[in-house]
Amino acid sequence: SYKERLSLRDRLVQFGKLLEQAPVWRIVTALTVCTALSLVTNAAQNNANARWFHISPLQLGATNTFQFLVLSVGMHLYKTHLLNVSWRKTFAAGVVGMQVFNLIYLLTVYTDWAKNGWWVACTSVSVQLAYAFTFCISVLIVPEITIPGFEGLIYGALTSYTNGAQNITNAVNNLLLSVWPSNTDNDALDACALDNAGRTGAACATVQRHMTYLTFLTVAVSLSTLAFLPLLPAQKAEIRALSKLPPSRGAGRAMWALLVALLVVGPAFAVLPVLPQTACLRIAGGSGCGPSIDDAPGYAPALGHDTY
């Protein structure tokens with residue numbers, strides 16, 4: 001067959017030509033950027049929860065169960081009710097819904113009753129909303145932008161782009177996490193622990209304020225995804241219309257460069273937290289490679305704070 005006669009070089013050439021097509025490079029750009037931004041969350045939550053109250057293994061397992069349940073339900077609803085609805089609208093709904101759950105976490109920050117493992121287990125499902133829509137859209141789009149015999153290659157490429165974008169998400173999460181030092185300082189977080197009688201004092205108020213700033217900042221970054229949604233075709237009819245536009249060699253080269261960059265950046269970000277020399281970097285989730293975080297402007301450490 002034609003597919004079997006193509007060499008690897010010929011397949012890559014054909015793939016490059018596909019990337020030059022208007023609907024393809026627009027979809028790749030939209031899914032990459034939207035994935036990288038929409039999945040940004042408050043990375044301080046897990047550690048804060050561990051310092052503030054006890055989460056049992058059963059509750060941790062329930063958290064994973066609820067997340068997979070939301071993903072499965074979201075994909076089922078998409079398959080049964082949303083196949084012909086605008087992809088922009090469904091993705092926007094997923095992103096906005098995700099931010100509702102992210103903002104709900106402020107109840108855990110400010111109230112004692114929400115510092116509860118079951119409450120957290122039931123509300124820690126935000127990322128799955130946006131991910132479910134991203135996954136479904138990428139699957140539905142493949143038959144519309146490929147040629148016979150290249151479906152697997154195109155789907156694999158889209159998966160590589162979106163998986164690489166998630167590495168960018170992790171880097172952004174780490175960078176935002178380090179903006180306010182108290183969000184990464186266990187001693188500071190302990191000021192708001194349930195077993196701390198002084199959790200209504202100034203030290204806890206500082207932690208709560210910084211956690212609020214981080215929450216609103218991550219919500220703003222995630223909502224910035226909406227500015228890039230016009231790049232995503234609304235539905236199959238718009239893809240067919242875009243297919244009539246002339247190919248862009250510059251866009252194709254840019255997509256190749258983006259793919260190579262994502263394939264390089266992903267492993268690099270995975271290695272940074274492992275190496276002692278780079279684990280302290282903020283982009284790797286560290287608190288900075290300086291001598292101490294106490295020098296940060298406006299930061300007042302809690303009693304008993306150890307510098308590192």
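**Basis.** I note that this is a predicted model, in which local features need pLDDT of at least 70, side-chain atom pairs count only at pLDDT 80 or more, and totals for chains, interfaces and linings use all residues. Residues are numbered from 1 along each chain as its sequence is written, and side-chain values use heavy atoms, with hydrogens and water left out.

**Overall.** I recorded 13 helices and zero strands in the chain; these are DSSP runs numbered from the N terminus, with helices being H or I of at least four residues and strands E of at least two. Of the 308 residues in the chain, 45% are buried. I also noted that 79% of the contacts with a separation of 6 or more are between residues 24 or more positions apart, where contact means heavy atoms within 4.5 Å.

**Histidine 210 and its surroundings.** I placed histidine 210 in helix α11. Leaving aside residues up to four places away in sequence, histidine 210 touches Trp180, Ser182 and Asn183.

**Aromatic pairs.** I found two aromatic pairs in the structure. Rings of Phe, Tyr and Trp (its six-membered ring) pair if their centres lie within 6.5 Å, and planes under 30 degrees apart count as stacked, over 60 as edge-to-face and the rest as tilted. Tryptophan 113 and tryptophan 119 have ring centres 5.1 Å apart and planes at 70 degrees, so this pair is edge-to-face. Tryptophan 113 is exposed at 54% relative accessibility, whereas tryptophan 119 is partly exposed at 25%. Tryptophan 180 and tyrosine 213 have ring centres 5.5 Å apart and planes at 45 degrees, so this pair is tilted. Tryptophan 180 lies in the loop between α9 and α10 (186–189) and tyrosine 213 in helix α11, so the pair ties together parts 33 residues apart in sequence. I list tyrosine 213 as partly exposed, at 39% relative accessibility.

**Helix packing.** I then examined α6 (residues 87–110) against α11 (residues 202–223), which pack at an angle of about 180 degrees with their axes 10 Å apart. Axes are lines fitted to C-alpha atoms, for helices over the stretch in contact, and angles run from 0 to 180 degrees between N-to-C directions. The two helices are therefore roughly antiparallel; angles under 35 degrees count as roughly parallel, over 145 as roughly antiparallel, 65 to 115 as roughly perpendicular and the rest as oblique. The contact residues of α6 with α11 divide into eleven nonpolar, seven polar and one charged. For these classes, Ala, Val, Leu, Ile, Met, Phe, Trp, Tyr, Cys and Pro count as nonpolar, Asp, Glu, Lys and Arg as charged, and the others, Gly among them, as polar.

The axes of α3 (residues 22–38) and α6 come within 12 Å and cross at roughly 10 degrees, so α3 is roughly parallel to α6. I read Arg26, Cys34 and Ser38 in α3 as meeting Arg88, Phe91, Val95, Met98 and Gln99 in α6.

**Cores.** A nonpolar core is a set of buried Ala, Val, Leu, Ile, Met, Phe, Trp, Tyr and Cys residues joined through side-chain atoms within 4.5 Å. In the largest, of 27 residues, Trp87, Ile137, Ile141, Tyr161 and Leu232 touch the most other members. Helix α3 gives the most to this core, with six residues. I noted another core apart from it, of 21 residues, among them Ala48, Val109, Leu214 and Val221.

Methods: Buried < 20%, exposed > 50% of the residue type's maximum accessible area, 1.4 Å probe, protein only.
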